[in-house]
Amino acid sequence: MGRRTAVVAASSGLLVSMLGGPAAQAATTHTDNSGKLSTVDLDALTAAAKAELQTSKTVTVTKHVKWTADAASVKVTPAPEPVVHRTVQAASRSEVRTALTSTDSSSSSSSSSTDTSSSSSSSSSASIPSSANGSKIIAIASRYVGVPYVYGGTTPSGFDCSGFTSYVYAQIGISLPRTSSAQHYAGTVISRAEAKPGDLIWTPGHIAIYAGGNTIIDAPRPGKSIQFRAMWQTNPTFIRVG
């Protein structure tokens, strides 16, 4: 007979029976009083259902019918994040007092460092020999007292002897040759009696700046730093540049 569908309208709702395959073929076929075929076991129906069946229409569908169902879309909204309330305990007077004391100590330490730095700078200026007072070259050279000797150095991070003299003279607009041997010929040779603070003082392999009296300022050698010191040369050459 093929696949058939019978719909029974009862007082309790719709009863749908789908027949197909071995289970459907085993179902008992009944014929009601109107001569309609039914695959529903009519003996199991109530009297009210049987009465409804007598007057109901037969619903038929093709064997190629497709059943579909619409799925409602579901939107999920996450629950809001819980609000956490934190209680901040006010600092006690003793804690505030400790914090203020620490701040004052830090300020005092900073002031001390600044004062020390200023004192150091003043000390460097004060170390200029009185015989060199008024010399622009010596005033510039004294700024670098304490800078370490660095072989080949030409900047305040480190100087060698000729790098130091070249750097100092460059600040008054005079360009000196890079090496001490070349600086020997950069100016006019003068006697010791004529020498003034700021003149160059040369010996083989070394160049310095004369600071008057019996003192010089120079970058001595590795392990030392820029300093004023007594002349150690026995027969130096004094050179005036510019």
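**View 1. The aromatic cluster of Tyr144, Phe159, Phe164 and Tyr167.** In this predicted model, the four residues Tyr144, Phe159, Phe164 and Tyr167 form one aromatic cluster, and the structure as a whole holds five aromatic pairs. The rings of Tyr144 and Tyr167 have their centres 5.6 Å apart and their planes at 85°, which is over the 60 degrees required, so this pair is edge-to-face. Because Tyr144 lies in the loop between helix 4 and strand 5 (154-155) while Tyr167 belongs to helix 5, the pair ties together parts that are 23 residues apart in sequence. Phe159 and Tyr167 form a tilted aromatic pair, with 5.3 Å from centre to centre and 55° between the planes.

View 2. Tyr167, by contrast, is partly exposed, since its relative accessible area is 28%.

**View 3. The largest nonpolar core and the surroundings of Ile226.** The largest nonpolar core has 25 residues, of which Ile138, Phe164, Val168, Leu200, Ile209, Ile217 and Ile226 touch the most other members. Two or more residues of this core come from each of helix 4 (136-141), helix 5 (161-170), strand 8 (200-203) and strand 9 (206-210). When neighbours within four places in sequence are left aside, Ile226 is in contact with Tyr144, Val145, Gly146, Val147, Phe159, Phe164, Ile217, Asp218, Ala219 and Pro220. Another core, of eight residues, lies apart from the largest one and includes Ile190, Ile216, Met231 and Phe238.

**View 4. Gln233, a buried residue in a loop.** Gln233 is found in the loop between strand 11 (227-230) and strand 12 (237-240), and it counts as buried because its relative accessibility is 8%, under the 20% cut-off. Setting aside neighbours within four places in sequence, the contacts of Gln233 are with Ile201, Thr203 and Ile216.

View 5. The mean pLDDT of the protein is 74, with 64% of its residues reaching 70 or more. Over residues 1-29 the pLDDT stays under 50, and the model has 34 contacts beyond four places in sequence for this stretch. Residues 102-126 likewise have a pLDDT below 50, and here the model has two contacts beyond near neighbours in sequence. Where pLDDT is low, the predicted coordinates should not be read in detail.

Technical notes. Residues are numbered from 1 along each chain as its sequence is written. This is a predicted model: local features need pLDDT of at least 70, side-chain atom pairs count only at pLDDT 80 or more; totals for chains, interfaces and linings use all residues. Side-chain values use heavy atoms; hydrogens and water are left out. pLDDT is the predictor's confidence in each residue, from 0 to 100. Contact means heavy atoms within 4.5 Å. A nonpolar core is a set of buried Ala, Val, Leu, Ile, Met, Phe, Trp, Tyr and Cys residues joined through side-chain atoms within 4.5 Å. Buried means under 20% relative accessible area, exposed over 50%, partly exposed in between (1.4 Å probe, protein chains only). Helices (H or I, at least four residues) and strands (E, at least two) are DSSP runs, numbered from the N terminus. Rings of Phe, Tyr and Trp (its six-membered ring) pair if their centres lie within 6.5 Å; planes under 30 degrees apart count as stacked, over 60 as edge-to-face and the rest as tilted.
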